[in-house]
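Have a look at the sequence and fold, then we'll go label by label.

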Amino acid sequence: MAGVAWHAGVLCGLSDAGVDLTAVDLVVGTSAGATVGAQLAGGLDPDELFRRQVDPAGAASELTPSVSLEELWERMAPIYTTATDDADRRRRLGAFALSAHTVEEPVRRRVIEARLDGIDWVGDRLRVVVVEATSGDRHVVAASSGIDLVDAVTASCAVPGVWPPVTIAGSRYIDGGVWSVANADLAGGCDRILVLAPLVDPVVHGDIARLAASARVELIAPDVASVRAFGADVLDPASRGPSARAGRAQGRIEAARVIALVTD
């Protein structure tokens, strides 16, 4: 929840400073970024993205997870400490997700459907990242995939142990962040790349280093004020307003280097 709101706030803050990202050539959305990426690619302007996070009348109704972030990390920690490699970690996270007691798939899907509020695939510039729960393989969903956008975004937001894996064509899919926080490598081939990452891991830095060999790349990660606004539990719907406002302030601060990225 904090990640969705922060993304929206940053985009709105950049817009406040004159940076228009509504017409970018490619949008890669992972987890929280899948929600906001779908909204952006679907035509919502940054002011509306922000309003949906801070205005109770405009915000979609969200579910409060039955598990706290602290409890979730306690359950997942052994997977990270004992996995033999990244592939083993992903498969074990998938097994954890498949065995977890959560709300039913249709209940969670209705939440994402309300977030998107009728938005569908527009053109072919949006990529939504999901992970197949059994194999741990990454799949990139686009309009040409023939998969419903709500299903794709619901899967990309299916945090293991919190929300149910999503059934698509007989397979179960989980959060795209299980592969990488941002999956920035999928922007390869673009010459100017902006990465918004509410969390940063070594994969993000590695992807950016490789992309920078042939493209101009800027990374925006939460500043101190944004991290503070996230609060103790980024899954809590109450984190939306503070995270969006902090993201908007940060977007204004970061605008100068993003303007240089898109105009120089």
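Q: What makes the pairing of the Thr30 side chain with the side chain of Asn183 a polar contact?
A: The two side chains come to 3.0 Å. A polar contact is a pair of N or O atoms within 3.5 Å, where within protein one must be able to donate a hydrogen and the other to accept it, and residues adjacent in sequence count only if both atoms are side-chain atoms. So the 3.0 Å between Thr30 and Asn183 falls inside the limit. Before going on: this is a predicted model, where local features need pLDDT of at least 70 and side-chain atom pairs count only at pLDDT 80 or more, while totals for chains, interfaces and linings use all residues. Residues are numbered from 1 along each chain as its sequence is written, and side-chain values use heavy atoms, with hydrogens and water left out.

Q: Which residues does Thr30 contact, leaving aside neighbours within four places in sequence?
A: Contact means heavy atoms within 4.5 Å. On that basis Thr30 is in contact with Val129, Ser156, Gly176, Gly177, Ser180, Val181, Ala182 and Asn183.

Q: How do you know whether Ser180 is buried or exposed?
A: Relative accessibility is 1% for Ser180, so it goes down as buried. Ser180 is in the loop between β5 (171-175) and β6 (192-196). Not counting residues up to four places away in sequence, Ser180 touches Thr30, Val203 and Asp207.

Q: Why is Val203 called partly exposed?
A: Its value is 33%, so Val203 lands in the in-between class. Val203 is part of helix α8, residues 202-211.

Q: What makes α6 and α7 roughly perpendicular?
A: Helix α6 (residues 105-116) and helix α7 (residues 149-156) pack at about 115 degrees, with axes 9 Å apart. Axes are lines fitted to C-alpha atoms, for helices over the stretch in contact, and angles run from 0 to 180 degrees between N-to-C directions. Under 35 degrees is roughly parallel, over 145 roughly antiparallel, 65 to 115 roughly perpendicular and the rest oblique. So α6 and α7 count as roughly perpendicular.

Q: Which residues of α6 and α7 meet?
A: Arg108, Arg109, Ile112, Glu113 and Leu116 in α6 meet Leu149, Val150, Asp151, Val153 and Thr154 in α7.

Q: What makes α2 roughly antiparallel to α7?
A: Helix α2 (residues 32-41) packs against α7 at about 150 degrees, with the axes 7 Å apart. That angle is in the antiparallel range, so α2 is roughly antiparallel to α7. Ala34, Thr35 and Ala38 of α2 make the contact with Leu149, Val153 and Ser156 of α7.

Q: Why is α7 described as mostly covered?
A: Eight of its eight residues are buried. At the start of α7, a side-chain oxygen of Asp148 comes within 2.8 Å of the backbone nitrogen of Val150.

Q: What makes Ile253 exposed?
A: Its relative accessible area is 63%, so Ile253 counts as exposed. Ile253 is in helix α10, residues 240-263.

Definitions and conventions
Helix = DSSP H or I, 4+ residues; strand = E, 2+ residues; numbered from the N terminus. Buried < 20%, exposed > 50% of the residue type's maximum accessible area, 1.4 Å probe, protein only.
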